[in-house]
Amino acid sequence: MKKLLTFLCVSLFVFCVNASESGTLAFVEGCKFFSQGDWNSAKIMLRKAASYPENVTPETYYMLISAESYSGDDKAALDDCNLYLEKFKNSLYTSQISYQKGKCLYNLGEYEKAIVTLSDFCHQNEKSDLYSYALFYIGESLFASYKYDDAERIYERIITEFPESQKAPAAQYRMETILQRGREEKLLYLLKQTGEEYLSAKEEYERQLRMYNSEGLDSTRQRLLEAQAKNEALEKRVSDLEQQLYMENQKKENTLGVDNAVKPKTSEASIENEVDVPNSEPYDETKEQIRLLKIKAQEAQEILNQK
């Protein structure tokens, strides 16, 4: 990154010798802030520099897009990526800008567009150092769109084909997250089925109880005892499934705690040297299902206790 900055600044300084004084000053200030990692100031000054015709160059816009991306201004970065790819189709930095466009789309939640853009990048730049990065954000876009099977195949490819990539640990993390989600969904399904069976058995128990109160028959008493025993077995099964879900959630929370503890707090210094520890989203839907099922199970238990 430092070598690239040196090259950009030296080559553009030579160019700016013949440029207007105001345009030159704006560009030089932008380069200074950029080299210091002051992305917001760099963004402002490079935007000002780009307003002068002599500064409308691939280098100026490459640095501007980078500053916008590092400062979190993905909307402005995306607009300038589109402008760059329109004005400088065959420049030295076209492939990096194509990748950056896809990443901006991902950051903005435009997952389908991100997948298309990054897939095009991969097809056109198979030897690029950013190839595994582009694959990773394709996987992230699929993951965020709840297409877990497709995302898992992408993450597995990164781990298998690019084990040295800085995205490989993040891909491995996602694989484990998807595996855990699969276990959660299986437990949720069992809990749902058991809960429905439990409610049905409770209704049968209440029906048999009414028959017993009205008729007092021995056969009815026997059916009542059988229904009560079935209720108790189902109640225990619901409790066991809830405990398993609780243990899965505790395991996930412990994992996230470790990941957050080791996640670097420094800002990204370059596109090529990013290190990601993905967050656990999207999981709200699963948590909400667990919460509702627990409420239903609790309500059923309270009704049974009252009887």
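Reader: Which residues of α2 are buried?

Author: The buried residues of α2 are Gly23, Thr24, Ala26, Phe27, Gly30, Cys31, Phe33 and Phe34, where buried means under 20% relative accessible area, exposed means over 50% and partly exposed lies in between, with a 1.4 Å probe and protein chains only. This is a predicted model, in which local features need pLDDT of at least 70 and side-chain atom pairs count only at pLDDT 80 or more, while totals for chains, interfaces and linings use all residues. Residues are numbered from 1 along each chain as its sequence is written, and side-chain values use heavy atoms, with hydrogens and water left out.

Reader: How do you know that the length of helix α2 agrees with what its residues should span?

Author: Helices are DSSP runs of H or I with at least four residues, strands are runs of E with at least two, and both are numbered from the N terminus. The expected span of a helix is 1.5 Å times one less than its number of residues, so the 16 residues of α2 (residues 21–36) should span 22 Å, and the end C-alpha atoms are 23 Å apart, which agrees. Under the DSSP rule the protein chain has twelve helices and zero strands.

Reader: What makes Trp39 and Tyr70 a tilted aromatic pair?

Author: Rings of Phe, Tyr and Trp (its six-membered ring) pair if their centres lie within 6.5 Å, and planes under 30 degrees apart count as stacked, over 60 as edge-to-face and the rest as tilted. A search of the whole structure finds 13 aromatic pairs. One of them joins Trp39 and Tyr70, at 4.5 Å centre to centre and 55° between the planes, and is tilted. Trp39 lies in helix α3 (residues 39–49) and Tyr70 in helix α4 (residues 58–70), so the pair ties together parts that are 31 residues apart in sequence.

Reader: Why is the pair of Phe143 and Tyr148 called edge-to-face?

Author: The ring centres of Phe143 and Tyr148 are 5.2 Å apart and the planes stand at 75°, so the pair is edge-to-face.
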